[in-house]
Amino acid sequence: MRTEDSRAKGFFRFAIAAYAFTLVPAMYFLTQDPTGDIKALLTRWAGFLICGGWLIVSSQARIPLRRPRVFPEMLAGLLLFYVIATLRSEYRMFSVIEVARWGSLAALYFTASQVYHTPAQVRRLFWTICAAMALSSTYGFMQAAGMDPFPWVGRDTDVYTGLPATFGNPNFAADTLILTITMALYLAWQGFADRKRSKEGGSRKRSSYAWLFGLWLTIYYAFHLHATHQRAGLVALAAATVLLILAATVGRRFRRPVAGMVTTLLLLGLVAVGGLAGVMEWSHARTGRYFPLDTSLLLRYQSYVSASDMVLDAPLLGHGPGVYKFTYPAYWTRFEQEWFAQEFRKNDHVHNDILETAIDAGLPAAGFYLAILVLGMCYGLIMAFQGNPERRRLGYALAALFCAFLVDGLFGFNVRVPVSASILFLLMGVLDGLWSPPGEQATQTSTGAGRTLRWAAMALLLAGALLESSAYAGKVALCEGIRMEGRPQRADRILARAQALAPWNPVIARERGRIALLNGDADQARARYEQALALDPHHLPTHLPLAHLELQRAIRAFEEHPSDIEAPLRYLEEASSHARRVLDICPMHPMARDFLGRITATRATVLDSVDTPEGRREARLQWKLAERQLTRAIQLGAENQAELHELVARVRMALGDTDGVEEAFVRAAQTDLSRTETWPPFLAFAAESRRFDRLRKALEDQVSRLEEEKDVPVSVLVDTRLYLASVLESGYRDLDGASRIYRAAAALQPERAEVWANYARFAQRHQMTGALAASIMESCDTLKDRGKTPLPQVAAVDAVLRRGWDALPKASFVLLGALRTYRATAGTTASEAFGWALGMLDGAASKAPDSKSVCASFLDLAMAHAHLNHLDDADRLFRKADSCLKDDSRGPLAVQWADVLVKMGRQAEAAALLQRTRKELPKNLEVRWALARCLARDGRLDEARREYELLLEERELDPRGREMIEKERAQL
């Protein structure tokens with residue numbers, strides 16, 4: 001071989017090794033699949049750069065291309081069927097991307113077959129791959145130790161705890177680990193042989209210690225493989241071990257390598273059949289079943305059944321490369337339908353490479369792929385049975401590697417994982433290179449046709465790399481858009497860029513639909529989801545938001561135009577079609593059945609509005625159908641069971657089934673202990689129908705269950721008691737019983753404003769304020785003993801109850817301050833939270849013997865009433881305060897009182913009040929400003945303008961105030 005040839009091939013061996021080393025640890029966390037996407041991109045560009053570079057260098061250096069002898073026909077047949085299947089695929093771009101993946105791997109195979117010729121060269125490649133895997137395993141053990149510096153999501157999941165390392169999934173890591181374990185054992189074996197030979201020759205070469213490092217790597221990988229919990233990997237290693245034992249035994253008895261190879265494989269087949277039969281008998285004796293069975297395995301078995309149905313449906317050319325994840329829901333078995341109805345997810349691959357290849361491109365393609373793996377075993381064994389010891393050891397290793405890959409692929413999809421697939425094709429190239437050494441016949445392709453083939457191959461590889469780059473850029477933009485979902489408009493712009501880069505990707509369209517929903521744009525969301533369905537019509541979660549959107553559109557149309565029922569019915573039919581499409585694929589899908597029930601109930605509501613016998617009759621049929629649909633959703637295990645029971649109750653109300661309504665409400669309450677939303681509609685129904693017995697019994701039972709339950713928040717128990725008290729009050733007039741419950745609720749959760757609001761409402765309505773007062777004082781004493789502070793409104797009332805009207809000034813001041821800073825919650829409004837306390841303080845103030853001593857309280861209470869928009873009470877108290885206040889407080893009083901008078905439509909009185917106060921306090925700018933505004937509202941523009949001009953002449957006016965006054969004057 002020429003020196004130039006040797007240097008060129010050495011450079012490309014280095015390039016292949018560099019690619020293999022980079023591929024294993026490669027991660028990039030700006031895509032949703034941070035380990036798979038970047039590895040796929042590296043593979044495409046490596047195929048183009050390494051193979052394209054070799055084609056150019058070999059042409060320029062006139063290095064003849066050797067025709068590989070082992071795999072080219074099988075690989076060419078596989079690629080041919082993939083190309084044909086791509087041309088027929090309904091998902092053309094995904095199929096093109098899949099074919100490009102096979103093309104990149106084939107390019108790596110071809111280059112490796114040209115540059116690897118000796119076992120030493122192969123060992124260096126194996127060392128490189130093992131070093132990269134050791135680095136990945138080290139990172140995996142760091143994950144186990146909690147020292148992972150990278151931003152993984154969901155570190156408590158089974159996937160992460162399985163030490164996914166740099167593979168994103170422990171199964172993918174195991175696919176490569178079984179190969180590197182085999183390589184490390186071979187390297188240890190070869191190193192031990194080198195050590196033995198160097199000792200015999202009296203040499204002390206460093207390489208003689210390689211066996212120890214190889215053995216350490218084997219153990220290191222074995223621990224990692226154990227942590228992945230992958231059973232198929234152990235079966236694959238066991239099969240490879242049996243193959244080596246049989247080969248070592250048979251090889252001694254046959255002189256002809258081919259005969260030994262055939263015999264070894266036949267014996268391996270017999271052992272496989274016998275081993276399978278033994279496992280079946282062992283499983284039957286142990287469990288009563290012939291196959292090991294758990295949920296994961298049962299799902300795997302069922303996926304094989306549905307995958308086989310897909311193969312039988314298109315046996316010759318398949319369904320199209322890479323489209324299994326889009327098409328297989330239509331072939332689900334009943335078990336898969338039930339499973340995926342609960343899990344709401346689906347597989348992207350068959351856990352069997354041969355079956356998936358048949359689905360991709362037909363049974364002939366699967367046959368070619370199987371032939372590649374079997375040929376690898378065959379030629380590895382032939383090499384093991386002939387030649388020098390170094391080649392024989394490598395032959396054993398290669399046969400074991402192909403065997404392990406084949407068996408592992410029967411239970412997984414290792415040829416679809418970038419790292420294990422790349423290693424397989426490099427092994428194919430290595431074996432072909434070893435089988436066709438440099439001295440054998442080579443093909444010179446310097447002719448015009450040869451150059452055309454070179455450039456065509458390079459162009460195709462470059463096109464595949466660019467296509468993958470565009471897809472990858474789209475995934476990066478997709479991930480960025482998802483991170484920006486808090487800013488919907490910006491997120492949609494980013495996702496639009498992602499869609500321009502990868503318009504064939506339905507995930508991007510779905511995300512744009514979701515972002516549009518967050519942005520409140522239902523029309524755009526509908527359009528995006530429909531785009532996603534056009535790309536992936538079997539994606540069930542896309543149908544459901546469309547059904548929801550159409551349902552909402554129907555409801556809005558009916559509310560806006562009740563007399564026009566055609567449009568709502570049309571939208572409801574569209575919504576039904578999406579829900580039924582889900583049920584056609586997965587009849588046990590609870591969410592789809594839930595949606596269908598809601599749609600049917602809405603249709604019944606629309607039809608009920610048609611006041612004709614036919615309309616009422618059709619509406620009743622729809623109500624009955626809605627009840628069946630919702631009940632079926634409950635039976636299928638829908639997550640929102642309590643809500644569905646409430647919907648059933650509402651449907652039964654329309655049907656006049658009173659007992660059924662009560663039963664549904666009771667079931668709703670029993671289904672979810674922490675849900676209190678059931679009680680208001682149940683209470684309203686009981687009040688309307690005057691049937692309180694079932695509600696009371698349900699509430700009492702619920703209180704008993706909640707008192708025994710430790711994990712339910714106390715607020716749930718308190719709310720349930722409050723509803724029970726309301727039933728006792730309104731349904732049975734059991735005021736003493738209701739009072740006891742209110743008192744117990746206040747003692748149990750005194751820090752909740754709504755508890756006191758409900759208790760006070762009850763006490764004031766039924767003249768039981770004495771019990772309320774006792775509860776307030778008892779509660780404050782208890783909280784103070786515990787070192788806690790009562791609610792400000794409760795503390796204010798408590799102070800007045802204990803000390804009388806002397807405590808009013810401070811109490812009213814505290815109440816006003818708390819009211820101004822209060823933020824209303826879903827449980828109670830500010831008026832409910834403070835109104836009762838304000839009323840009690842107001843009553844105490846009215847009983848004060850000396851109005852001057854509580855004059856400041858009148859002002860605070862008036863402002864509190866004004867804050868709650870209690871205008872009459874505020875006006876009354878402002879008048880009282882005005883009669884006794886003699887200090888600077890008159891300015892705020894006048895401003896606040898005038899505001900109340902304006903709200904009451906008494907602008908003239910407000911203006912007169914402010915004018916009088918202006919004369920009393922001529923330097924009070926706040927009063928003068930309020931007067932200007934009041935005059936403007938009363939239509940007295942000249943006076944208002946004059947007042948604004950006088951204000952602007954004041955030097956004490958700050959710049960911000962001056963700017964606002966000028967603006968208001970300009971608006972006159």
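Here is a short talk about a helix pair and some salt bridges.

Guide: Please keep in mind that this is a predicted model.

Visitor: Why is helix 27 called roughly antiparallel to helix 28?

Guide: Helix 27 (residues 658–671) and helix 28 (residues 679–689) pack at an angle of about 155°. Angles over 145 degrees count as roughly antiparallel, so helix 27 is roughly antiparallel to helix 28. Their axes are 10 Å apart, and the crossing is left-handed.

Visitor: Which residues of helix 27 and helix 28 make the contact?

Guide: Helix 27 brings Thr658, Val661, Glu662, Phe665, Val666 and Ala669, while helix 28 brings Trp679, Pro681, Phe682 and Phe685. By class, eight are nonpolar, one is polar and one is charged.

Visitor: What makes arginine 416 and aspartate 360 a salt bridge?

Guide: Their side chains meet at 2.8 Å, N to O. The cut-off is 4 Å, so the pair qualifies. Arginine 416 lies in the loop between helix 16 (389–409) and helix 17 (418–435), and aspartate 360 in helix 14 (residues 353–361), so the pair ties together parts that are 56 residues apart in sequence. Both residues are buried.

Visitor: Why is arginine 67 called partly exposed?

Guide: Arginine 67 has 47% relative accessibility. Buried means under 20% and exposed over 50%, so arginine 67 falls in between and counts as partly exposed. Its side chain meets that of glutamate 73 in a salt bridge of 2.3 Å, N to O. Glutamate 73, at 39%, is partly exposed as well.

Visitor: How many salt bridges does the structure hold?

Guide: The structure holds 46.

Note on methods
Residues are numbered from 1 along each chain as its sequence is written. This is a predicted model: local features need pLDDT of at least 70, side-chain atom pairs count only at pLDDT 80 or more; totals for chains, interfaces and linings use all residues. Side-chain values use heavy atoms; hydrogens and water are left out. Axes are lines fitted to C-alpha atoms, for helices over the stretch in contact, and angles run from 0 to 180 degrees between N-to-C directions. Helices (H or I, at least four residues) and strands (E, at least two) are DSSP runs, numbered from the N terminus. Angles under 35 degrees count as roughly parallel, over 145 as roughly antiparallel, 65 to 115 as roughly perpendicular and the rest as oblique. A crossing is left-handed if the near helix is turned anticlockwise from the far one by less than a right angle, and right-handed if clockwise. Contact means heavy atoms within 4.5 Å. Ala, Val, Leu, Ile, Met, Phe, Trp, Tyr, Cys and Pro count as nonpolar, Asp, Glu, Lys and Arg as charged, and the others, Gly among them, as polar. Buried means under 20% relative accessible area, exposed over 50%, partly exposed in between (1.4 Å probe, protein chains only).
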